[in-house]
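I opened a new notebook page for this one. Here is what I looked up, entry by entry.

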Amino acid sequence: MRIHLNDGMAESAIKKFNDELPEFTITNNHLEPEELKNEVKNIDILVVRSATKVTRGIIEAGKDSLKIIGRAGMGLDNIDQVAAKEFGIEVLNTPGQNSLSVAELVVGMILSIYRKLNRGTNGIREGLWEKKLLKGLELSNKNFGIIGFGNIGKHLSKLVSGFNDKVFVYDIYEISEEDKDNYNIEQVDLDYILKNCDIISLHIPHNEKTHHLISDKELNMMKKSALLINCARGGVLDEEALLKALEDEKILGAGLDVFEKEPAKGEIYTKLLSFDNVVATPHIGATTKEAQYRVGINMVERIVNATKKIHFEK
Ligand SMILES: NC(=O)c1ccc[n+]([C@@H]2O[C@H](COP(=O)([O-])OP(=O)(O)OC[C@H]3O[C@@H](n4cnc5c(N)ncnc54)[C@H](O)[C@@H]3O)[C@@H](O)[C@H]2O)c1
């Protein structure tokens, strides 16, 4: 019986797998889609992060052996859940384990843009001392808009409350009075956030309803001084519309950890990245030592629990 880790895992998690499921052999190497499709018939439990797309083709090829697909992370958009359900394969993820890391990256991006850290660093590298050009802004006492008040949105509201920001939240569900008090937030509609917030951070899943939720119309409603952060999923923000808004100086800047195309290579990204007021990272929201430890351990615990209810062929 075999557990295959296609996108790696924290050492502590691999050790826990070995300790708790000694009857399974662990393989830990990245297989490209075609290789994985050929090999999956020999895999009982497949664990991926965001780098592997577990397509219908892969699931169909593994339908006789595959019992569990583990997604070490939150988003399930890289797993064909419909196909997995069709073949009775359990899909498990680790909600909430990396949320704090994503929320901290948002704060890092805001401070980086507000205090022009890239420009400052590059200037000194080039022998410049651009003090006058580097006048920044404070994160404190701003109107902060959070779109999507789930695990990450909640962590973020706590962090920015520490800066004394007023936090406005838009979500499709009705937030309880208790949560509004606990997190010190006000629930408003999307237009309110777009029109009134100095910082707008996206924390929604990507699906048909949220595809290009932020596009030309929404960017045009934002304040000229608004900063937009996307650490959710590429497709929730229309990148062509963002480029236009930056070119026309409709907003103050943007922080991007996720892109419609990953890796973010091509003309649109060259253009977006040419702005000093854009900070970009290669989908590293969850990439901290602490988050990967929590995600790994939680993934193993969930898989171990699930194996108790499943019969594996030896
Ligand atoms: N950058 C990264 O590395 C990274 C890491 C983890 C998660 N993420 C992404 O961040 C996003 C949020 O993650 P989370 O863990 O907070 O998820 P979550 O499921 O806990 O929260 C998502 C929230 O969005 C709300 N929502 C859904 N559709 C909506 C809509 N149409 N309008 C308004 N609100 C809507 C939901 O009600 C929920 O409260 C996801 O897209 C996830 O994939 C990115």
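**Salt bridges**

I started with charged pairs and found R56, E60 and E86 linked in a network of salt bridges (a salt bridge is a side-chain nitrogen of Lys or Arg within 4 Å of a carboxyl oxygen of Asp or Glu). I note that this is a predicted model, where local features need pLDDT of at least 70, side-chain atom pairs count only at pLDDT 80 or more, and totals for chains, interfaces and linings use all residues. Residues are numbered from 1 along each chain as its sequence is written, and side-chain values use heavy atoms, with hydrogens and water left out.

How many salt bridges does the structure hold? I got 16.

Next I picked K166 and E186, a salt bridge whose closest N and O atoms are 3.5 Å apart. K166 sits in strand 7 (residues 166–170) and E186 in strand 8 (residues 185–187), so this pair ties together parts 20 residues apart in sequence.

My cut-offs: buried is under 20% relative accessible area, exposed is over 50%, and partly exposed is in between (1.4 Å probe, protein chains only).

Then I checked K223 with D198, where the closest N and O atoms are 2.9 Å apart. K223 is partly exposed at 26%, while D198 is buried at 13%.

I moved on to a sheet of five strands, which is open, parallel and ordered 2-1-3-4-5. Strands pair here if DSSP finds at least two bridges between them. Strand 2 (25–28) and strand 5 (90–93) are at the edges with a single partner strand each, so one side of each has no neighbour in the sheet.

Inside the sheet, strand 3 (residues 45–48) and strand 4 (residues 68–71) run parallel and are joined by four bridges. Which residue of strand 4 is the bridge partner of V48? I found R71.

**A record**

Last, I looked at UniProt, where an unreviewed entry places "domain: D-isomer specific 2-hydroxyacid dehydrogenase NAD-binding" at residues 107–285. UniProt positions are in the numbering used here, feature names are shortened, and annotations may be inferred rather than shown by experiment. Over that stretch, I get 35% helix and 16% strand.

Note on methods:
Helices (H or I, at least four residues) and strands (E, at least two) are DSSP runs, numbered from the N terminus.
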